[in-house]
Amino acid sequence: MSSTMSEKILARASGNDKVEAGDIIIANIDVAMTHDLTGPLAVESFEKIGADKVWDSSKIVIPFDHQVPADSIDSANNHIIMRKFVQKQGIENFYDVNVGVCHQILPELGHVVPGEVIVGADSHTCTHGALGAFSTGIGSTDMAMVFAEGNLWFKVPETNRFEITGELRDNVYAKDVILHIIGQMGADGSTYKACEFAGESVSRMSVSDRMVLCNMAIEMGGKTGLVEPDKKTIEYVEKRSKKPYKIFKTDLDADSLNIIDIDVSDLEPQVACPNNVDNVKAVSEVDQEIDQVFLGSCTNGRISDLRDAAKILKGKEIAKGTRMLVIPASREVYSKALDEGLIKIFVDAGALVSAPCCGPCLGGHTGIIGPGEVSLSTSNRNFKGRQGSPDGKVYLSSAAVAAASALEGRIVAPEE
């Protein structure tokens, strides 16, 4: 019988020959990730249930990224809790404050390969499906049980497969594609469904661009985002990981598969307007002055994003009255940006470059906005209070739109 990619991965992980959408299964976990913000509650819950040792210290990954370096006594205490847990449990894959954002460094450092089941105590764990894994976010208390038992129950999801066709116009990027899809589907358009991204447009995309698509699957309610592995995937994985892997692909006649055709040939640069990610408009329809531009996050803080922005900013100055914050997603990205001269371009343009971290994305660390201020961000959420004051406003865009807008002090398309 035919199956989707998600069904095949979950069948392998649960020891079944076949599972179908709607089945409740217990799946073995290949990678479990928590960070400095969600980790302390997971540790507290782990201790409350009387667990002594984690099931497999080599399969747990703990990066610090949300509040790094520590910006308060509370965040410093969270770091202490997690460092003690790492030492006590012998966690092999611990990345302190100097490495980068969790959803960038997991694939970058070889922790993600095709065919795995990956869970993270962070909703954007769906990013890793770009490499052909079933990857999803879970709560901290669920993570405590994973730490103890190495498995977790799942309801096998149905699949929305987005067949994306057409060649993207100049200055239109993967971020514009996923914003367009979310605008069409709505915030609940793929609730508890696997979101597969396929088609000729996706085949042409880099692995980094595919991560952008999968990263935001959760913003339309998706359980996970996935892209079928191809030569680009294998090249990326084998360069970074020595783990064995298995490639699964969707049978197009699977019963639980819903195919949605998306033509991006005429797509313009897109912007998600306050206060919901599905409130999407073409940039040409938006007339808005801005106070801050944030270039970074697990969505668009990769080297390709920094290159796109630097190309626009080179030799120019950010508009007076507008500030720009640039945060590379990892130390590797930061180092490449230094080697390529991108950091100098940003600094010369008047931007502030920060160390790799989540920055203002969670609304609790560096670069938050105040009451009445407007932020244009390359991140993934624009709910009230997401980047600071609940009286502020957040718009979402690609790196190119963010850079062009920083020069003008208002939201504009790069070609302007």
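Predicted model: local features only at pLDDT ≥ 70, side-chain atom pairs only at ≥ 80, totals over all residues.

On one side, 36 residues of domain 1 make contact, and they meet 32 residues of domain 2. The area buried between the two domains is about 2700 Å², with 55% of it on carbon and sulfur atoms. Within domain 1, the residues that lose the most area to domain 2 are Val101, Lys175 and Leu179, which together make up 20% of what that side buries.

Next come the polar links. There are 15 residue pairs in polar contact across the interface of domain 1 and domain 2, counting pairs with both residues at pLDDT 80 or more. The rule also finds one salt bridge across this interface. Have a look at Arg381 and Glu219, too: their side chains meet in a salt bridge, with an N to O distance of 2.9 Å.

As for which helices build the domain 1 side, α4 (102–108), α6 (174–185) and α8 (207–215) each supply at least two of the residues touching domain 2. Of these residues, the largest share comes from α6, with six. Sorted by class, the side of domain 1 that touches domain 2 holds 15 nonpolar, 14 polar and seven charged residues.

Terms used. Residues numbered from 1 in each chain as written. Heavy atoms only, no water. Contact = heavy atoms within 4.5 Å. Buried area = accessible area lost by both parts, 1.4 Å probe. Salt bridge = Lys/Arg side-chain N within 4 Å of Asp/Glu carboxyl O. Polar contact = N/O pair within 3.5 Å; in protein donor to acceptor, adjacent residues only side chain to side chain. Helix = DSSP H or I, 4+ residues; strand = E, 2+ residues; numbered from the N terminus. Nonpolar A, V, L, I, M, F, W, Y, C, P; charged D, E, K, R; others polar.
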